[in-house]
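Hi everyone, thanks for coming. Today I'd like to walk you through some charged pairs, so let's bring the model up on the screen.

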Amino acid sequence: MKRFWLIVVTGSLVALAGCHSFKKENIQPPTPLAKDFKPTVQVTRVWKDRVGHGAGMSGIRMQPTVADGVLYAASTDGVIAAYDANSGKSLWEKKTRTHGWFGWGDKKRKDAFYSGGPAVAGDLLVIGTLDGHVYGLNTKDGSDRWTATLPSEVVDTPAIAGALTIVRTQDGRVYGLDSATGERRWVNDQGNVPLLSLRGNGPLLITNGVVFFGSDDGKLIALRQDNGDKLWEQKLASGEGRTDIDRMSDADGGIVLDGSTLYASAYHGNLTAVDGPSGRPLWARPFSTYTSVVLTGNSLFGANTDSQVWAFDKSSGADMWKNDDLKYRWVTAPAVQGNYVVVGDSEGYVHWLQTGDGALAGRERLSKKAIRAQPVVAGDLVYIEDVLGHIAAYRVGAK
């Protein structure tokens, strides 16, 4: 089992809850924001709401999901809700009323510790919990459809692929569940996970009958969707070093697909382009990150473990630009909204950077609490969630 839920940044331990102490040796304070900053893009907050108490102190990246004009979000304290994605109007909300780790709650949902975020396909919503349950719900009103019980916590969003729902647990297993009933169809066991690893798993990518994900020991792994058998694996990090911390090599970011090429990255590892059918590496370059990269056009964007935001050429991995303005602000994985890269930071600020040269273009503050989850872009809006469940939708336009 994973024994620790750390995020390690260049040999320094940084608390995920956003309550960092910068008086301790080896922990760098966040780069101050320029007070004379003049935005070059108009950012408008369209709506704001709150779902429960968000991720709280769990260390989970709670991320909302947008499907068919509806935003779905959940919290580790037992709230799951649906909103009109354009207006923020509440459509429904369900509370399980569980109190504390040893409390009581809803008769059907025996725990309320939702984690990661919901996955949605058609009228099915699937979400996991920190107590190892997976719930299938109706998207129309949040009513129960099925429950599956797994032996370890589910800390990331499941993935729905037609008749199968794929779920990954913290003990190194990946499960294929029947999307209609929640019954287990297969399990793939990756074996023992490292004793020291980062808190969290990257989202699963399912395409062309194959499940792709990054492992806790720094590998990109491909499984058959129908039975969970391993097709291939490719190293993203060496796992070498003098100390346990130096040897940490989690691949906790999402996998990006462009045509038949996959892009994946790892902590203390590389950003690597891989041929999807064969698993053969096409190019690799050093880039240590614990979050996802994102692709648009010919450019890959990512934030390294010092919170420097980078742009790379997708065909070669060559540097295009690097922005140091947000260094040590522990930014989220980036998203792309039009011509801007969007990231949140540990003090509740949201930043927009130009995709062309990385220059800061806009800034808003969602709250005074850390933002850890990757922003979600749908249509012309970007949705941001902080650790206490505050969610806001922003639109950008000409200044």
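Let me start with a term: a residue is buried under 20% relative accessible area, exposed over 50%, and partly exposed in between, using a 1.4 Å probe and protein chains only. What you see is a predicted model, in which local features need pLDDT of at least 70 and side-chain atom pairs count only at pLDDT 80 or more, while totals for chains, interfaces and linings use all residues. Residues are numbered from 1 along each chain as its sequence is written, and side-chain values use heavy atoms, with hydrogens and water left out.

So, how many salt bridges does the structure hold? There are 17, where a salt bridge is a side-chain nitrogen of Lys or Arg within 4 Å of a carboxyl oxygen of Asp or Glu.

Take E347 and R329, whose side chains meet at 2.6 Å, N to O. This pair links distant parts of the chain, 18 residues apart: E347 sits in the loop between β29 (340-344) and β30 (349-354), and R329 in the loop between β27 (319-323) and β28 (335-337). Strands here are DSSP runs (E, at least two residues), numbered from the N terminus. E347 is partly exposed at 29%, whereas R329 is buried at 2%.

Next, R173 and D171 also form a salt bridge, 2.6 Å from N to O. Here R173 is partly exposed at 27%, and D171 is buried at 12%.

Then there's R395 with D380, their closest N and O atoms 2.8 Å apart. R395 is partly exposed at 33%, and D380 is partly exposed at 43%.

Note on methods
Helix = DSSP H or I, 4+ residues; strand = E, 2+ residues; numbered from the N terminus.
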